[in-house]
Amino acid sequence: MMQGSFIPAFGSSLSRPFGSADFKARREALTRVLTAGFVLPDASGSWSSAALCAHPGLIPIRLSSGALIGRTAPQRADKISRMPGIVQHKTGLLLDAAHLLDFGIAMRAAHLSQGWRGELLDLFSLSESAQKGATVRLERALYRPLGALTRAVHLSARLRDPVDEFDPVYILGQRSRTKRVGPGLWDGLAAGMVGAGETPAEALLREAHEEASLLAADAQNARYLGSFLISRAVSGGWMLEASYTHDLVLPAGFEPCAADHEVERFARFSAREVLDLIAARKVMHEAASSLLFSMADKLLPEPLPARP
């Protein structure tokens, strides 16, 4: 998983404070609400198995090798247990890695998947020792039903450093109204899943090009601001996602253009207008958190030192 320093977006304590006291108080209040329950990584850039499995009452799902790959609610586990390739065990459900295709087809036919994307993601063990690599890949639409770990990147972008919170420099993209999740809501300049075999850095370059036509030479200047783990119930099952947030000052004259039809339009907003949209719940949750982090004088707390 990607590692990096936590870098303030608008400078260090030596630079001028950004925004009025009222603006800062409002931004901090929204940040507290939106990031409640987020978990920061340890000093190695990873999350402990305790953090990945923090919510009791969920039924564990393991590969036949014994690797824990997800957890789901009991009522959903009962439905999944009827799929081919699944065996009930006293400790939960066992998924035969040799029958992943049959399992996926059956999940789709039973309407237990979140649609079907034809997009593979790496399947990670939730044990602390196995987060660094993945040997199995699975269709993206199966991750929320299984409560499996996904990774996502978010890019908050602005035209330049703002003069004040009324200066319209942030560029947001409005999600297509045909999107299954969050249709019509606002997003950062680019966001998306880390695909199979990709690093978060590679996914960021790809998503920035696909969603905003931003050249890799420009996107690679994005600053890695930090990462957080999201674990919560969603309509399709359980969301367990490592989110990597970035910030970028766009090159002069840049005009975003969506290349993959996932963005309906782009618009410019001041930092204060961004707060208004977030408060009105018109911004995707993870994108809103990323935008709030990018406005902060000090982004995320430094990770705690690793335990001896």
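This is a predicted model: local features need pLDDT of at least 70, side-chain atom pairs count only at pLDDT 80 or more; totals for chains, interfaces and linings use all residues.
Leaving aside residues up to four places away in sequence, A77 touches I59, T72 and L93, and this residue is found in helix α3, which covers residues 74–80.

- With a relative accessible area of 6%, A77 counts as buried, because buried means under 20% relative accessible area.
- The C-alpha atoms of A77 and G92 are separated by 8.6 Å, while the two residues lie 15 residues apart along the chain.

**Strand β7, residues 149–158**
- Ten of the ten residues of β7 are buried, so this strand is largely enclosed by the rest of the structure.
- On one side of β7 point L149, R151, V153, L155 and A157, whereas T150, A152, H154, S156 and R158 point the other way, and all of them are buried.

**Partners of β7**
- Strand β12, which spans residues 237–249, runs parallel to β7 and is joined to it by ten bridges, and within this pairing R151 stands opposite A242 of β12.
- Strand β10, made of residues 190–193, pairs with β7 in the antiparallel sense over four bridges, with L155 standing opposite A190 of β10.
- Strand β8, formed by residues 168–175, also runs antiparallel to β7 and is joined to it by two bridges, and here I171 of β8 is the bridge partner of A157.

**Helix α9, residues 285–295**
- Helix α9 is mostly covered, since ten of its eleven residues are buried, and among these buried residues are A287, L291, L292, F293 and M295.

Note on methods: Residues are numbered from 1 along each chain as its sequence is written. Side-chain values use heavy atoms; hydrogens and water are left out. Buried means under 20% relative accessible area, exposed over 50%, partly exposed in between (1.4 Å probe, protein chains only). Contact means heavy atoms within 4.5 Å. Two strands pair if DSSP finds at least two bridges between them.
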